[in-house]
Amino acid sequence: MIPIARPTMGEEEKQLVWSALESGFLAQGARVHELEERFADFVGVPHAIATSSGTTALHLALLGYDIGEGDEVITVPFTFIASATSILYTGARPVFVDVLLDDFCMDPSLVEAAITPRTRAIMPVSLYGQPADLPAIAAIAERHGLAVVEDAAQSHGAAIRDRKSGTWGAGVFSFYPTKNMTAGEGGMVTTADAELAERIRLLREHGMKVRYHHDVLGYNFRMSDIHASIGLAQFAKLPGYNARRREIAARYDAELRGVISPAVRPGVTHVYHQYTIRVNRRDEFVERLREQGVGSGVYYPIPVDRQKPLVALGYGQERFPVTELLTEQVLSIPVYPSLSEAEVSTVIAAVNATAVELGPLAVAAVPA
Ligand SMILES: Cc1ncc(COP(=O)(O)O)c(C=O)c1O
């Protein structure tokens with residue numbers, strides 16, 4: 001079976017973790033600092049703050065902008081739940097706008113109508129490795145005096161022309177095992193705003209600058225040096241990993257038939273955290289692929305606003321037609337760097353045979 005994800009761990013990871021263990025320094029230290037410096041440099045911003053996960057990084061980015069009770073943050077319902085729950089953790093309310101059918105990201109034309117006097121920030125999600133339309137969203141944010149918190153959990157190294165994900169407002173990355181690079185668990189906030197970076201650092205460490213002198217209500221959202229060691233080894237391989245993901249995606253683009261392949265906006269460098277197609281009769285499609293030895297994944301089967309914790313808060317009544325359609329049709333196929341050419345060929349043959357069997361998409365556009 002070709003699994004949907006397969007993290008690649010090598011000697012470099014083992015050696016760095018082992019040396020961290022031997023040093024006796026396990027918590028946040030020099031390794032975390034080194035990963036922050038390298039990651040900031042890679043993204044192209046002066047500041048990067050490492051955290052225990054992408055979720056805590058989102059939470060801290062919002063708190064860094066002083067977002068809380070009574071505030072609203074505009075985001076999308078077609079994403080992983082942490083985009084929304086991180087907003088809820090602060091006491092603010094997520095306000096959802098639909099995504100575009102072609103790039104699966106926030107539809108900028110819907111944002112202005114969702115702005116109210118309570119709106120403090122916009123959180124676009126750069127889904128599957130393609131940056132959302134950040135120039136358009138940042139222009140709206142600027143006109144209305146709002147912060148931009150990009151959920152870049154899936155878009156390490158993605159770019160719009162020469163500007164990388166993570167350079168608009170605050171960028172938030174995840175180092176979960178299936179991501180383009182991993183630290184086991186971990187996250188990172190990137191920003192050009194020195195004051196924001198300073199507040200986030202303070203909040204990450206119990207609100208403490210001087211040992212045992214606490215200035216604000218803070219958290220322990222630190223990354224450990226053990227995790228940063230994995231992260232440093234992976235970071236060195238990220239450009240190669242992304243190049244291989246793009247190479248596999250190019251084969252899929254050229255050779256897949258009878259399914260809708262992901263669209264890439266002009267000028268965008270997509271890093272294919274996922275290669276996500278739209279298929280007819282998805283449950284049967286998944287089953288047929290499995291029978292042919294190909295794993296697949298559905299990201300995501302339920303709009304976030306219809307998940308139980310949000311329904312309990314009164315969400316789930318609004319209609320988001322594009323999200324609703326996508327949650328029924330999207331299917332991600334293996335695209336990680338350790339796939340061999342033979343495995344890529346197996347995936348292509350299985351998808352193409354299944355598409356012939358199950359027929360073309362019955363509903364390709366959003367019903368009027
Ligand atoms: C879009 C998105 N946002 C947020 C997160 C949360 O990251 P983490 O799992 O590192 O907490 C993830 C990853 O799982 C994600 O895919």
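Two bridges join strand E6 (residues 159–160) to strand E12, and the two run antiparallel. Strands here are DSSP runs of E with at least two residues, helices are runs of H or I with at least four residues, and both are numbered from the N terminus. Strands count as paired if DSSP finds at least two bridges between them. The model is predicted: local features need pLDDT of at least 70, side-chain atom pairs count only at pLDDT 80 or more, and totals for chains, interfaces and linings use all residues. Residues are numbered from 1 along each chain as its sequence is written, and side-chain values use heavy atoms, with hydrogens and water left out.

Another open sheet has seven strands. Their order is E1-E9-E8-E5-E4-E2-E3, and the pairing is mixed. Strand E1 (47–51) and strand E3 (93–96) form its edges, each pairing on one side only. Neighbouring strands of this sheet are turned by 25° against each other on average, direction ignored. Axes are lines fitted to C-alpha atoms, for helices over the stretch in contact, and angles run from 0 to 180 degrees between N-to-C directions.

Ala170 stands opposite Thr191 in E9. Helix H7 (residues 194–204) packs on the sheet and touches E1, E8 and E9. Contact means heavy atoms within 4.5 Å. The direction of H7 makes about 20° with that of E1.
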